[in-house]
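The stops below can be selected one after another.

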Amino acid sequence: MVKDFPKIKAVRTYVIDGVGSGGDYHNVKGGHWLVDTSISTPMSRWEQYRASRLSWGINVLGSFCVEIEGTDGTVGFATGFGGPPACWLVHQHFERFLIGADPRDTNHIFEQLYRSSMFYGRKGLPVAVISVIDLALWDLQGKVRNEPVYKLIGGATRQKLDFYCTGPEPTAAKSMGFWGAKVPLPYCPEEGQAGLKKNVEFLRKHRESVGPDFPIMVDCYMSLNVQYTIEIVKACLDLNINWWEECLSPDDTDGFALIKRAHPQVKFTTGEHEYSRYGFRKLIEGRNLDIIQPDVMWLGGLTELL
């Protein structure tokens, strides 16, 4: 049993370079399906940004790592996206709330980081940086206690976790034993009825390739509008899509109400790009979403997730 729990002695940050490294999963080689295939995005309304997500800067921030060292020499670390700007925020602003603090006081530390940055933060990069700091604090606690972090938050609730696979080939996901496959929607509303028809054909091809019962989900990456969502969901009702993800911006809570009213039997999800308990409260209070998808690396860390 630990009698004197270590305090935080030092905070270090590193920019993580190299293709495929760090928390920015868009940091891949050119030609990878994730960045260089037709994927509908919020920038797809402009034709020059449709061919590659790198063209509008999806990977511009890059990755970084935070190390938090305790007075006993134990080091917790975590990685996320943010690159040099994230490192700057850690040292120029957030570090003052960490040095000398008890790393177990995650709620207290989160509140100080969040409230001190409200005048320029609340969402986006500042909260993503706070997330990585928080994850490093939990990692430090686990190492000091010599326990996995899941044991610190209540322990296991099941013996097995099943996973789905996101990618361009649902047949590959099925052959590898995933329970389902999520595919990116290729064409955006600005590509008109022709694009909508190609989207339906794209999803129909995948449904036929895996059979009627293998779950298929569709990632729309915040790129659609209400009317287009209603139309494409209707056109695909016979394809048994398991869920439609991030059809709209997470800020458009009124829009989610409208698409759920149009298709009450269909599952809609979002949350990957939302931040903090306040953002998620707005998402769920209307009961128009069937699944919320918080990203622990973005929304405020494990502390805010809990």
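This is a predicted model: local features need pLDDT of at least 70, side-chain atom pairs count only at pLDDT 80 or more; totals for chains, interfaces and linings use all residues.

Which residues does Ser-40 touch, not counting residues up to four places away in sequence? Ser-40 sits in the loop between helix H1 (33-36) and strand E2. Its contacts, with that exclusion, are Leu-185, Pro-186, Tyr-187, Cys-188, Pro-189, Cys-220, Tyr-221, Ser-223 and Leu-224. Now show the side chains of Ser-40 and Ser-223: a polar contact of 2.7 Å joins them. Ser-40 counts as buried because its relative accessibility is 0%, and the cut-off for buried is under 20%.

Next, select residues 63-70, which form strand E2, together with residues 75-81, which form strand E3. The two strands run antiparallel and are joined by seven bridges. Then go to the hairpin of E2 and E3, where four residues lie between the strands. Gly-73 in this hairpin takes a positive phi near 95°.

Last, select helix H9, residues 253-262. Colour Gly-255, Phe-256, Ile-259 and Lys-260, which are buried. These residues cover an arc of only 130° around the axis, so they lie on the same side of H9. On the other side of H9, pick Asp-254 and Arg-261, which are exposed.

Key:
Residues are numbered from 1 along each chain as its sequence is written. Side-chain values use heavy atoms; hydrogens and water are left out. Buried means under 20% relative accessible area, exposed over 50%, partly exposed in between (1.4 Å probe, protein chains only). The arc is that of the directions from the helix axis to the C-beta atoms. Two strands pair if DSSP finds at least two bridges between them. A polar contact is a pair of N or O atoms within 3.5 Å; within protein, one must be able to donate a hydrogen and the other to accept it, and residues adjacent in sequence count only if both atoms are side-chain atoms. Contact means heavy atoms within 4.5 Å.
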